[in-house]
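Thanks for making time this morning.

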Amino acid sequence: SGLFKAVSGGKVKSVVVQLSSCKNLPEALSAQDARGFTALHLAAKRGHTAVVELLLDRGANLALPSADGQSVLGVAINGKAKRATILMLINAISAKIVAERLKNRTARQQETGDDFYDEEEEEELADDEAFLQSLGYYGDVTVLELGGCGLNEVPAAIFACLHSLRKLDVSKNTLVRISPQIRHLKELKELNLANNLIEYLPSELAFLPHLKKVKIVGNPLTGIPKSVRWEFISGGTKALLSYLRSLRRETAWKHIKLMFLGQEGVGKTSLVRCFTKSRGPEDHLGDTVSTNGIDVEEWELDSSVTFSVWDFGGQEVFYPTHQFFLTNRSIYILVFNMSKDITESRLEYWLKKIKTMLSQNTKVYLVGTHGDHPRCTEEHINQTIATMMKKYPKYRYPQIEDILIVSCRTRKGISELKKVLRAAARQHPLLSMKVPKSYLKLQEMIVQRRMKENYISLENFQEAAAKLAIPKGREVRALEFFHDVGLICHFNDDTNELRNLVVINPQWLANVMSSVITFTHNFVRNGVLDHSHLPTIWKGYDEKMHATLLRLLQKFEVAYPYPDKEGHPRSIVPCLLPDAKPWNAIKEVWPAKIPSGFQQCGREYQFEFVPLGFFSRLIMRIICVPDIELVADASWRDGCVARLGVQYAMMELNPVTYLLKISVRMRDQSGLEMPQSQGRGGSARSATDESTSKSRLLIRIVIALIEDLLQYYYPTLIESTRRSVPCSHCIEESSVLVDPYMFSFEECVRRVQKGVPFVYCCGIPDRPVSISALAPDVTFSELPTIPESELEITKMIGEGGFGKVYLGLISDKKIPVAVKELHIDPPDEFGSKSEELEKFQEFQREVYIMSCLSHENLVRLYGIMLRPSLRMIMEFIADGDLYHLLRKKTFDDPQLSLPIRLKIAYDVACGMTYLHGVNPPIVHCDLRSPNVF
């Protein structure tokens, strides 16, 4: 009774005292109160987590039911115990299962010598009835909610013991896979897997007889073809289970990409040969000329896995092309020279690149070569590994799995490395994935045709799939899957040239790129490729394919069409621009002193890391914008000068400090009138218009290109990037050798939101600086501004995540308008400044896009207001949106007659055609009835 009283009170010290006074501890822990509860039952019901932990530690029997058959776990769940208590009990059961697996694994190792994990271990335990009975009966557990518990795998106890579950919620965790053992949950009706890191789902889900609802939103699901994902979005759980059911006639996938990365000359190719060549100890060394681009080979490790081995050229010139082949589904070998200082192998660059571009679940092995070098003593190796573990800690680079040392000459460490790779492959999600058997036959066909052909047409691929009884329409899934795993390359491009091309030999694609980016010829001069050299460069390719090859280079952002002034065809290859800054060419268009009648503004981006190729991508985007051109001979590897009319922008990236500087010079805005909004029915406002709006356009375009580049390619850099605005007064008044005072970009945005037009240089009140001079893109300087005195707000007509919408009236013209007001809550101690900035940038993007459009089927933008808050002043559509019209009316209503519906559809199509015809085209991305007025 003393023990039960102490447990009921939840005081650990009192429980410890009572347990210490027990002469027969097992008997005390098994004793039951009047309700038939043991002490553990009582602690679980009350949710005393610390007491539960103590009792389990002292040997309380978790499998012992109460007098009426209730399990400890069931009592905790039904008693609304804390999730921490429930999870502790589940983990206690799981610990017994893991211990039993370890016991079985040890026995197998002693018997066969195989110490690798195998899913057969789960099967063995599932069939061991005596062991399962020892874990207890949990028929009273029908609902389990473990959302947001930090799980990286589903606890083993759930699939092994909780066979009566009807609802399972493991959302908002970091789960990567769901074990096929879920098939034991025969009573399951509802499964919530939302917001995890799951890449594929086991087909066993489709054969749970009562399963009706599956939530998988917020998962990468890269193991499921995109077409199926769309089917699931439209058809719900039924469509998903239908797809999984279709995979029942399936088999295991055995193909994984193994990527070798590292600096030039560290021994990547020699290491690859140790795996792929069956030769003597030293024969594999041979000619070790540096890899020119990328080499791709096949390596069959054993009957269970075949590696597609990719050897990436280590020369810096090839780095920008590598990123197009780096995928989350690969295993990475990052090679360094053990006999040299680790800084010479640029490990940190590659680790940061992998961290930036790939998921945390990607496995990376650091492999040191030249382990037989006289310098590589045991002391040197241990000291180097210790230094690397300190310099590249797991919490900063979670992808690192292990550090291994090998010698390609003596093969020391090669067997151990193979063993590690075999273990990594067996645990890789791809090898747990099931695919239709017809996929393997299709794979065999591709490999056979690869001996004679490098590519086939899409029609040929469809015909081959049809011969293997893959249903019509399902070959798209096979195409997507083979592309994702690196077996083929196919691009669902907007041009028929690439859409109809299926590259079945990835080495051919790598060769196409290295044919231009190479050190075997010098046809690309100062980053420019004259198309007259193409027959020589591509003499081994069918001349009819040249246009397709150019399109491939453009798709991979290696080269982009850039004709000269006479219109002669040529392409710019940004990564082959000169290394040195061309000072003489720059001085002609960018003198040290700001010319009279001009003003200068700018922006600085301080990145945590910038992969090589970032600036190349920026240059490609700049020249895609109509009427923007690069100044002749004023571009180099990490910088350029661009021109738009009378505006000039100089951009320069420091590859060491990762600082990107943008400076723009334009006509002084003093005395210039604000441009007026155009009327309806016209074309998009042209960027080439010589109006005063052009004086503010270039900096906005450049900043927008950088932000979009970060958003699309480098989203992990957004949060850590610091944006600064140099003081325009300091730039004009100080020497070029003195750094200007820097304002934070967030400070400028916040001031504009509050209607304050100034910031203060160095924080000195006597030195106000106009934000419109500092950051004209933030103050919307080139757009029509409507003073607060000219607008009358009548009532609020809507509200959303962006803020509120009001009905207003422009006083002088009595025009009814819709006023969209941006509202951003300042971040609290838990909030994110990036969210505040993101909302402003979304508002900014919408304003600028609308300001460039004028069409009778698009809502018109009259202008903006900066005070008392940021507002968009738009055309007011009195009859509301299509969504509410459809909710109020039926199709037999005259307002929704067939002619009216056709007219609505036609008008929407006209508006969309206009958007797609703008240069560059505008994609709506949110076309739905609430946005049709």
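Let me begin with a term: a cavity is a set of grid points where a 1.4 Å probe fits but cannot get out, and its lining residues are those with an atom within 4 Å of such a point. Please keep in mind that what you see is a predicted model.

With that term in hand, we can say that the structure holds seven cavities of 30 Å³ or more, and that the largest cavity contains about 120 Å³ of space. Which residues lie nearest the centre of the largest cavity? They are Y200, L201, P202, S203 and K434, out of the 15 residues that line this cavity.

Let us turn now to strand β9, which covers residues 331-337. Because seven of its seven residues are buried, β9 is largely enclosed by the rest of the structure. In a regular strand, the side chains alternate between the two faces of the sheet. You can follow this along β9, where I331, I333, V335 and N337 point one way while Y332, L334 and F336 point the other way, and all of these are buried.

What does β9 pair with? Strand β6, residues 255-262, pairs with β9 in the parallel sense over five bridges, and one place to look is G262, whose bridge partner in β9 is V335. Strand β10, residues 363-369, also pairs with β9 in the parallel sense, over seven bridges, and here L334 stands opposite L366 of β10. To get from β9 to β10, the chain passes through helix α14, residues 347-357, and this β-α-β crossover is right-handed.

There is also an open sheet of four strands, in the order β1-β2-β3-β4, with parallel pairing. Its edge strands are β1 (143-145) and β4 (213-215), each of which pairs on one side only. On average, and with direction ignored, neighbouring strands of this sheet are turned by 5° against each other. Within the sheet, β1 and β2, the latter being residues 167-169, pair over three bridges, and V143 has K167 as its bridge partner in β2.

Methods
Residues are numbered from 1 along each chain as its sequence is written. This is a predicted model: local features need pLDDT of at least 70, side-chain atom pairs count only at pLDDT 80 or more; totals for chains, interfaces and linings use all residues. Side-chain values use heavy atoms; hydrogens and water are left out. Buried means under 20% relative accessible area, exposed over 50%, partly exposed in between (1.4 Å probe, protein chains only). Helices (H or I, at least four residues) and strands (E, at least two) are DSSP runs, numbered from the N terminus. Two strands pair if DSSP finds at least two bridges between them. A crossover is right-handed if, with the strands pointing away from the viewer, the path from the first strand over the helix to the second runs clockwise. Axes are lines fitted to C-alpha atoms, for helices over the stretch in contact, and angles run from 0 to 180 degrees between N-to-C directions. On a 1 Å grid over the protein atoms alone, a cavity is a set of points where a 1.4 Å probe fits but cannot get out, and a pocket is an open set with protein on both sides within 12 Å along at least five of seven lines; lining residues have an atom within 4 Å of a point. Grid points are joined across faces, edges and corners, and a volume is the space filled by probe spheres set on the points.
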